[in-house]
Amino acid sequence: MLRTAPAHAPSNSSLNRGDVVEIQGPTASGKTWLVYQMAMGCILPYEVPGASGSSASIIVGGWDKAAVILDTQGRWRIQRLAELLRKRLRRANVVNASIDALVTNALRRVHVFRPESSASLAATLYRLSHYHSAHMPNEEVGLVGIDSVSAFYWVDRYEAEQQRLITSGSYESVNCLSHILFALQEFRISHGPVIALTNWSLALNSSNVPKDRKENVEHSEPQPLYRQHLFPFPAPFENPPRQLPNAHLMPPITHHITLDPPKTIDEAGSFTDCDGNRTRAQGYRRMITGTLRSGKAPESTFRIALER
């Protein structure tokens with residue numbers, strides 16, 4: 001899903017302009033890592049020149065567009081992104097002499113904001129269109145990532161409960177989440193980026209878990225959904241889907257990735273690579289596993305082995 005290409009090039013990606021991907025899972029399950037991968041696919045070029053004297057190009061598979069990251073938990077590191085970019089380019093057999101210049105050009109397309117409250121996040125999103133026209137007018141925004149949309153959940157909930165003690169106002173009237181979603185939808189409509197939202201998993205949704213799997217969920221089977229703790233927030237893959245009065249003003253969740261609890265390679269043993277080959281996990285330190293749901297294809301499970 002994360003292999004991307006410009007509109008004129010062949011692609012096996014299921015993502016289209018305006019798609020919204022929710023990535024939900026427990027701590028250390030790989031949510032931020034997946035957004036790093038999506039950001040790299042956005043900011044890298046689709047192809048780069050081959051070795052000196054060769055007329056053949058090397059396919060890297062990027063969009064060559066700008067990525068906007070709203071880092072609400074202070075976890076994003078440009079040094080880490082640069083390291084991952086270099087690893088990806090080396091795996092693509094890009095000439096070493098070209099890698100530093102390609103990484104520098106790609107990083108110029110990354111714009112990181114660090115809001116410290118829900119109000120700050122909403123204000124940033126409302127001003128994002130103006131920022132785009134003022135600071136990157138010649139770049140198209142291919143990705144907007146919020147990591148994590150749950151960061152201020154407990155603070156907002158506490159403030160809402162305190163407000164209830166003082167006034168008769170409802171939870172929604174003092175919660176900024178609706179403004180965050182409204183601003184995000186406005187930018188989605190006007191600019192058409194892919195949107196990635198990481199989200200906490202606080203409890204399993206029992207309506208989505210078969211009785212014989214509530215005690216022990218196997219990685220080879222689809223992972224049950226976690227209960228959506230945010231409100232108002234779309235939850236189209238819950239059973240039944242959540243109904244919201246202002247759903248048309250919010251970005252629709254087109255893809256949902258449910259991540260399993262973290263597993264080390266010693267526990268996982270081996271993995272299936274992208275070509276379907278069963279491989280011993282030598283040279284890898286841990287594995288990300290989960291389930292992808294979308295309205296475009298049957299749900300499927302995946303495994304990603306992370307290099308040491």
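## A walk through the helices and loops

Let's start with a pair of helices: the axes of helix α4 (residues 118-126) and helix α8 (residues 177-191) come within 8 Å and cross at roughly 15°. Because angles under 35 degrees count as roughly parallel, over 145 as roughly antiparallel, 65 to 115 as roughly perpendicular and the rest as oblique, α4 is roughly parallel to α8. Axes here are lines fitted to C-alpha atoms, for helices over the stretch in contact, and angles run from 0 to 180 degrees between N-to-C directions.

Which residues of α4 and α8 make the contact? From α4 come Ser 118, Leu 121, Ala 122, Leu 125 and Tyr 126, and from α8 come His 179, Ile 180, Phe 182, Ala 183, Leu 184 and Glu 186. Contact means heavy atoms within 4.5 Å. Sorted by type, the residues of this contact of α4 with α8 are eight nonpolar, two polar and one charged. In that sorting, Ala, Val, Leu, Ile, Met, Phe, Trp, Tyr, Cys and Pro count as nonpolar, Asp, Glu, Lys and Arg as charged, and the others, Gly among them, as polar.

A word on what you're looking at: this is a predicted model, where local features need pLDDT of at least 70 and side-chain atom pairs count only at pLDDT 80 or more, while totals for chains, interfaces and linings use all residues. Residues are numbered from 1 along each chain as its sequence is written, and side-chain values use heavy atoms, with hydrogens and water left out.

Now for the whole chain. The protein chain has nine helices and 13 strands; helices (H or I, at least four residues) and strands (E, at least two) are DSSP runs, numbered from the N terminus. The protein chain has 308 residues, and 49% of them count as buried. Buried means under 20% relative accessible area, exposed over 50%, and partly exposed in between (1.4 Å probe, protein chains only). Its accessible surface comes to about 15,400 Å², with 50% belonging to carbon and sulfur atoms; such areas come from the Shrake-Rupley method with a 1.4 Å probe, and for residues only the protein chains shown count as cover. Among contacts in the protein chain with a separation of 6 or more, 68% are between residues 24 or more positions apart.

Next, have a look at helix α2 (residues 78-91), whose axis comes within 10 Å of that of helix α1 (residues 31-43), crossing at roughly 65°. α1 passes α2 in a right-handed crossing. On the α1 side you'll find Trp 33, Tyr 36, Gln 37, Met 40, Gly 41 and Ile 43, which meet Arg 80, Leu 81, Leu 84, Leu 85 and Arg 88 in α2. That contact of α1 with α2 divides into seven nonpolar, two polar and two charged residues.

α2 also meets helix α3 (residues 96-107): the axes come within 10 Å and cross at roughly 135°. α2 and α3 are therefore oblique to each other, and their crossing is right-handed. Among the residues that meet are Ile 78, Leu 81 and Leu 85 in α2, and Ile 99, Leu 102 and Val 103 in α3. The contact of α2 with α3 divides into ten nonpolar, one polar and three charged residues.

Between these two helices sits Asn 93, in the loop from α2 to α3. Is Asn 93 buried or exposed? At 63% relative accessibility, Asn 93 counts as exposed. Asn 93 also has a positive phi of about 65°, although it is not a glycine. Ala 28, in the loop between β1 (20-24) and α1, has a positive phi of about 65° too, and is not a glycine either. Ala 28 counts as partly exposed, at 46% relative accessibility.

Over in strand β5 (residues 110-113) is Val 112. Leaving aside neighbours within four places in sequence, Val 112 is in contact with Ile 69, Asp 71 and Ile 78.

Finally, two peptide bonds to look for. The one from Asp 147 to Ser 148 is cis, with omega near 15°, and Ser 148 is in the loop between β6 (141-147) and α6 (153-166). Another cis peptide bond joins Asn 239 and Pro 240, with omega about 0°; Pro 240 lies in the loop between β7 (194-199) and β8 (255-259).

Key
A crossing is left-handed if the near helix is turned anticlockwise from the far one by less than a right angle, and right-handed if clockwise.
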